[in-house]
Amino acid sequence: MVAYLDHAATTPMRPEARRATLAFMSEAGFGNPSGAHSVARAARRAVEDAREVVAAALGAEPSQLVFTAGGTESDNMAVAGRSSRGPILCSGVEHDAVLESVRAAGGTTLRVSRDGQLDLDDLKAALGAEVPPSLVSVMTANNETGVVQPLDRIIGIVRRKAPSALVHTDAVQAVNWVDPASATAGADLVSISAHKFGGPQGVGALVVRNPAGLDVTVHGGGQEAGRRSGTHNVAGIAGLAAALAVVQEEREALVKRVADLRDRLADGLLTSIPGAVETGRREDKVAGICHLCIPGVESEALIFLLDQAGVCASAGSACASGATQVSHVLRAMGVPEELARGALRLSLGWTTTDGDVDAALEAVPAAVARLRSAP
Ligand code: PLP
């Protein structure tokens, strides 16, 4: 039995989402929603029903929701769609989907504190530049550390100092753990991705509160009111909506249950591994992420040994794991290189059990001891 503790990378599908997805992969549900016959109409109805569910959960109007091919595309659309209108700012701890888009647009990254939250003085200084930014992108919750940003305060500052700027938030890692409608209420653009909350991979959405504010960057047949062309992923969209409906209903209980498991895991590892340090303040973090830096070990070797012991873990972001470079998130937080090289992310979710936590509490200290004693 494998202890799957990599929910921040991707989550097992919820049965409700699997059923909804499969229904639109079957003979009855395969239609192209853009067509003009009964099979197409059934698919179109599924997309529009899903749009209502997802928009309501995100606190948006159905007309403000654009279905996409996932979090990366949503983030790219938000950043690239503003790049013709002025400078772009983002935090230095964004996911690469934002960070690389901002780099491609010649934008600027802002400092974060040692706790991983945006440095508000750096934000204020950047907003005071001669040319105001067109976009400020700050994630709702970080994918490596789980640290939640003070989005309300950030949006308040942007509105006061640069009223023409839009605010984008990548809420991909937040949906399981916080009510997305209230957490992202003031943002103009919001990205989500289905596979992070029990839906299928390769489908997501972008809330666009004011369509005139965003240039179109995916051109083609004019689907999604011209804002994102391409034949709809009907099965994926149905699965996304079904997963989100379950999460909305179960979030409160899920957060409580998983926070208890995470606390037991983090406290247990901090006690049993000499020198281990928790990244970020626990009270700032989403319930599902335990992130530690362990001196004297290399993440890559640790994750290899944990895999052999039947524990699925990660160094942080999918791109950083398996690579020798230190995470840009930890670097931005000023974590010393020696510690950052031993980063370990254990991420929990709706399938996580006491048994998974027990397995990690046994396997991680043993793997660390083995690596530390290696010649
Ligand atoms: N943004 C964040 C915060 C993420 O954690 C991820 C996934 O790792 C993405 C964006 C990219 O989403 P997707 O895998 O759907 O492209």
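The buried residues of helix 6 pack against helix 5 (120-127), strand 5 (135-137), strand 6 (166-170) and helix 7 (180-183). Here, helices (H or I, at least four residues) and strands (E, at least two) are DSSP runs, numbered from the N terminus, contact means heavy atoms within 4.5 Å, and buried means under 20% relative accessible area, exposed over 50%, with partly exposed in between (1.4 Å probe, protein chains only). The model is a predicted one, where local features need pLDDT of at least 70 and side-chain atom pairs count only at pLDDT 80 or more, while totals for chains, interfaces and linings use all residues. Residues are numbered from 1 along each chain as its sequence is written, and side-chain values use heavy atoms, with hydrogens and water left out.

So who is tucked away in helix 6? In residues 151-161, the buried ones are Leu151, Ile154, Ile155, Ile157 and Val158. Looking down the axis of helix 6, these buried residues fall within an arc of 160° (taken from the directions from the helix axis to the C-beta atoms), so they line one face of the helix. Over on the other side of helix 6 sit Asp152, Arg153 and Arg160, which are exposed.

The largest pocket has a volume of about 310 Å³. Of the 22 residues lining this pocket, Thr72, His95, Val172, His195 and Lys196 are the closest to its centre. On a 1 Å grid over the protein atoms alone, a pocket is an open set of points with protein on both sides within 12 Å along at least five of seven lines, a cavity is a set where a 1.4 Å probe fits but cannot get out, and lining residues have an atom within 4 Å of a point. Helix 3 (residues 71-80) supplies the largest share of the pocket's lining, 3 residues.

The whole structure holds 3 cavities of 30 Å³ or more, and the second largest cavity takes up about 80 Å³. Of its 15 lining residues, His7, Gln173, Asn176, Trp177 and Lys196 lie nearest the centre. Both domain 1 (3-10 + 251-373) and domain 2 (15-246) give residues to this lining, so the second largest cavity lies between them; the domain bounds come from an automatic or database domain assignment.

Finally, Pro200 is found in the loop between strand 7 (189-193) and strand 8 (204-208). At 9% relative accessibility, Pro200 counts as buried. Leaving aside neighbours within four places in sequence, Pro200 has contacts that include Met13, Thr21 and His195.

Note on methods:
Points joined across faces, edges and corners; volume = space filled by probe spheres on them.
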